[in-house]
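Good morning, and thank you for the time at this meeting.

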Amino acid sequence: MLWLLFLLVTTSHAELCKPDAENAFKVRLSIKTALGDQSYTWDTNEEYLFRAMVAFSMRKVPNREATEISHVLLCNVTQRVSFWFVVTDPSKNHTLPAVEVQSAIRMNRNRINNAFLLNDQTLEFLKIPATLAPPTDSAVPVWIIIFGVVFCIVIVAITLLILSGIRQRRRKSKGLPEVEDAEDKCETPITVENGIPCDPLDTKEVHLNEAFVPEGERLTPL
Amino acid sequence: MEKARPLWANPLQFVFACISYAVGLGNVWRFPYLCQMYGGGSFLVPYIIMLILEGMPLLYLELAVGQRMRQGSIGAWRTISPYLSGVGVASVVVSFFLSMYYNVINAWAFWYIFHSFQDPLPWSVCPLNANRTGYNEECEKASSTQYFWYRKTLNISPSIQENGGVQWEPALCLILAWLVVYLCILRGTESTGKVVYFTASLPYCVLIIYLVRGLTLHGATNGLAYMFTPKVLAGGRILTARLEQLANPKAWINAATQIFFSLGLGFGSLIAFASYNEPSNNCQKHAIIVSLINSATSIFASIVTFSIYGFKATFNYENCLNKVILLLTNSFDLEDGFLTPSNLEQVKSYLASTYPSQYGEVLPQIKNCSLEAELDTAVQGTGLAFIVYTEAIKNMEVSQLWSVLYFFMLLMLGIGSMLGNTAAILTPLTDSKAITKHLPKEAISGLVCLISCAVGMVFTMEAGNYWFDIFNDYAATLSLLLIVLVETIAVCYVYGLRRFEGDLQSMTGRSLNWYWKIMWAGVSPLLIISLLLFYLSDYILTGTLQYQAWDASQGQLVTKDYPVYALVFIGLLVASATMCIPLAALGTFVMRRLKRGDAAPVA
């Protein structure tokens with residue numbers, strides 16, 4: 001009699017949890033990929049933890065606070081590691097609707113991942129899409145800040161150069177009101193120092209050679 | 001009374017200016033592509049031959065003309081012959097077109113630099129879709145780097161007809177790029193001379209750093225080996241990377257074209273730079289140095305590029321293998337970590353024989369991963385710089401640093417070339433007394449920058465990249481060949497080779513080598529004529545012109561035909577530069593006739 005009852009329970013369990021059963025989900029773990037040398041072996045204790053986590057997630061759903069670990073059934077564990085699971089109601093005759101299980105798992109995905117030291121990619125619930133982390137967006141995009149800094153530096157440099165150019169020109173025109181404005185930088189020191197037009201000296205060798213400047217200074221009073 | 005002309009502070013500034021101008025983006029993103037297309041190491045043979053036959057003589061010619069005439073391109077050619085001032089005008093027009101679109105590249109480089117200060121790099125991850133369950137669709141179909149380039153940077157429209165509005169982000173970067181250029185050319189040779197120390201030398205520092213990093217990357221040797229080893233064509237015929245490619249006329253034509261455009265001949269920039277030289281400057285030595293350094297940089301850059309290619313291809317290949325392994329592991333519930341790249345083939349055949357039906361279901365999804373196919377993706381131009389390189393960079397450690405370095409190098413190369421371009425436009429303008437009487441030098445530079453920037457806003461629109469491609473492909477190619485051809489003929493036959501030789505001798509004190517005389521009078525013009533004929537016949541034979549448009553729904557480029565108004569615009573681009581030459585000659589002819597004071601009307 002007891003043996004018959006046992007057989008009944010196991011077959012009913014087998015009926016509830018099998019691949020592609022109604023309201024069943026397949027889970028896939030890639031422990032070696034995630035942890036490498038520090039990976040643990042998947043054994044019945046780990047399965048117990050899994051069932052506990054699923055039960056925990058279900059207990060957070062309103063109306064399902066009475067879910068126990070024994071209500072979570074696992075089957076078809078492969079070497080991969082992958083398996084199927086279902087959550088049954090307290091009577092153990094029906095499985096809970098997939099939508100409820102899905103939303104419960106989604107809400108607590110982070111806790112489940114952390115319990116197994118895995119992440120969304122290495123602990124996969126097929127048919128339960130993960131909520132991807134939102135990108136961290138600062139209030140002001142970073143690039144605008146750097147752009148602003150470079151922009152200001154360039155504007156300041158341009159302004160400085162233009163102002164110094166205007167100042168140089170004003171100094172030159174004050175020293176030589178009759179000489180035409182020449183764009184040559186080399187002329188400026190000579191004209192300011194002497195106050196005498198030195199165009200005849202300027203035709204080719206304008207290249208500032210210190211050896212010539214004192215020579216010019218000595219000659220011009222003549 | 002001769003107005004004193006500003007000079008370079010020392011000859012080194014002149015050499016650096018020429019190097020900074022000649023060594024540009026083409027060395028980094030066109031030469032490696034050509035190397036890959038035409039047989040790798042064996043492409044160097046036509047390249048070096050063309051350098052000696054065409055590059056060095058024409059470069060020396062332009063520098064000598066500039067140094068002798070001591071004026072910008074318009075004045076120089078007017079001095080050679082009043083009927084040929086059109087050559088100078090054409091140079092200025094082409095330089096103007098170039099500066100309009102070239103600075104957009106610098107704007108993009110700025111954009112990428114500013115975005116490199118984030119972790120993770122924005123082009124390494126796809127953004128999420130609306131309900132955060134997956135990634136953006138366009139990004140999934142293409143790749144994250146392509147998505148960032150086409151959607152976030154360009155925000156490209158599906159075709160050239162759909163203009164869209166001006167995008168404010170690239171527009172800001174373009175304004176900044178023009179401000180930086182203005183800052184560098186503000187004071188003429190005084191400021192340019194100092195800036196070129198940086199723009200010429202910094203790219204080499206970055207290239208050396210990248211060479212060291214590139215050669216130590218995993219898989220770099222694959223890329224280098226690919227560049228230098230024979231390739232197997234379809235049908236198993238091995239294309240010896242030695243003899244057969246030499247017989248391919250396209251290799252020679254592309255080598256000649258690359259040398260020609262890489263040195264930046266015909267824009268008037270070299271004439272402008274040389275006009276600020278001392279008359280006794282040894283420009284022959286400088287011409288040889290600049291052309292050798294330019295070619296050496298191309299080869300150096302292609303070694304770096306190929307090691308990066310190798311790294312990227314190996315990375316993608318290993319990724320592909322890992323995806324196949326994951327697929328098989330999941331479908332057959334094999335133990336995690338059991339499948340490795342080394343036993344993949346064995347296990348595949350085992351699975352095929354043991355579970356034939358299941359294997360048959362999975363088979364369509366299994367991709368054939370091939371390292372060769374990954375290496376074969378030859379890319380040039382903006383695609384190489386902003387898509388392929390960024391893809392390789394995002395997989396390196398400390399990718400922010402490598403990204404900043406790389407785009408900083410692109411920026412230096414681009415700004416160096418821009419300095420030459422703007423010099424080509426500004427030197428004739430500042431030479432003209434009519435303009436300098438009313439406006440100071442700073443204002444003229446500012447006006448040129450402002451106008452170019454305003455027109456350049458076209459390239460920041462959604463369809464802007466298509467217009468950019470039009471300018472890139474057609475604005476300078478044919479016009480330059482014609483300009484340089486007329487230049488060579490003008491110096492040798494209109495001005496007279498002997499007269500020019502005498503001028504050079506009295507100016508520098510060195511006699512002209514017979515080699516240059518033969519090249520200028522005979523070989524180089526013949527080469528240019530054959531290049532011109534090739535280009536013209538190519539355009540005519542291809543029939544209607546097409547362009548590559550980005551299709552967001554498929555996540556890839558598709559070929560489309562240009563609309564009529566675009567074709568008309570292309571024609572106008574080419575005509576506006578080339579027509580300057582005959583029009584100016586005609587104009588001078590008419591003016592002279594009128595000036596002769598004949599009462600009779602011009603016949």
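I begin with a term: a salt bridge here is a side-chain nitrogen of Lys or Arg within 4 Å of a carboxyl oxygen of Asp or Glu. By that criterion, a search of the whole structure, over all chains, returns 15 salt bridges. Please keep in mind throughout that this is a predicted model.

Let us turn to chain A. Its 222 residues include 33% that count as buried. The chain contains eight helices and four strands, and along the sequence these follow the pattern α-β-α-α-β-β-α-α-β-α-α-α. Of the contacts in chain A with a separation of 6 or more, 55% are between residues 24 or more positions apart. The chain exposes about 13800 Å², and 60% of that area is supplied by carbon and sulfur atoms.

In what order do the four strands of chain A stand in their sheet? The sheet is open, its order is β2-β3-β1-β4, and the pairing is antiparallel. At its edges are β2 (72-75) and β4 (123-125) of chain A; each has a single partner strand, so one side of each is left without a neighbour in the sheet. From one strand to the next, the twist averages 25°.

Two of the bridge partners in β3(A) can be named: Trp84(A) for Lys26(A), and Phe85(A) for Phe25(A). With β4(A), strand β1(A) pairs over three bridges, again in the antiparallel sense; there, Val27(A) has Phe125(A) as its bridge partner.

Is β1(A) largely enclosed or left open by the rest of the structure? Five of its five residues are buried, so β1(A) is largely enclosed. Phe25(A), Val27(A) and Leu29(A) point one way from the strand, while Lys26(A) and Arg28(A) point the other way, and all are buried. A helix also belongs to this picture: α3 of chain A, residues 44-59, lies across β1, β2, β3 and β4 of chain A and runs at about 140° to β2(A).

In soluble globular proteins, nonpolar side chains tend to be buried together. The largest nonpolar core in this model has 190 residues, and the members that touch the most others are Tyr210(B) and Trp520(B). Helix α6 of chain B, residues 85-114, contributes the largest share of this core, 19 residues. Apart from this core lies another, of 28 residues, which includes Ile31(A), Leu74(A), Val87(A) and Phe116(A).

What does Trp520(B) touch, leaving aside residues up to four places away in sequence? Its contacts include Pro57(B), Leu58(B), Tyr60(B) and Leu61(B), and also Thr488(B), Cys492(B), Phe500(B) and Pro525(B).

Side chains of opposite charge can pair when their charged atoms come close. In chain A, the side chains of Glu100(A) and Arg64(A) meet at 2.8 Å, N to O. Glu100(A) lies in helix α4 and Arg64(A) in the loop between α3 and β2 of chain A, so the pair ties together parts that are 36 residues apart in sequence. Glu100(A) is partly exposed, at 23% relative accessibility, and Arg64(A) is also partly exposed, at 22%.

In chain B, Lys348(B) forms a salt bridge with Glu345(B), with 3.7 Å between the closest N and O atoms. Both residues lie in helix α15 of chain B, three residues apart, about one turn of the helix. Lys348(B) counts as buried, at 13% relative accessibility, whereas Glu345(B) is exposed, with a relative accessible area of 54%.

The last pair is Glu501(B) and Lys517(B), whose side chains meet in a salt bridge at 3.0 Å, N to O. This pair links distant parts of the chain, 16 residues apart: Glu501(B) is in helix α23 of chain B and Lys517(B) in helix α24 of chain B. Glu501(B) is buried, with a relative accessible area of 16%, while Lys517(B) is partly exposed, with 24%.

That concludes my presentation, and I thank you for your attention.

Conventions. Residues are numbered from 1 along each chain as its sequence is written. Chains are lettered from A and ligands numbered from 1 in the order in which they are written. This is a predicted model: local features need pLDDT of at least 70, side-chain atom pairs count only at pLDDT 80 or more; totals for chains, interfaces and linings use all residues. Side-chain values use heavy atoms; hydrogens and water are left out. Buried means under 20% relative accessible area, exposed over 50%, partly exposed in between (1.4 Å probe, protein chains only). Contact means heavy atoms within 4.5 Å. Accessible areas come from the Shrake-Rupley method with a 1.4 Å probe; for residues, only the protein chains shown count as cover. A nonpolar core is a set of buried Ala, Val, Leu, Ile, Met, Phe, Trp, Tyr and Cys residues joined through side-chain atoms within 4.5 Å. Two strands pair if DSSP finds at least two bridges between them. Axes are lines fitted to C-alpha atoms, for helices over the stretch in contact, and angles run from 0 to 180 degrees between N-to-C directions.
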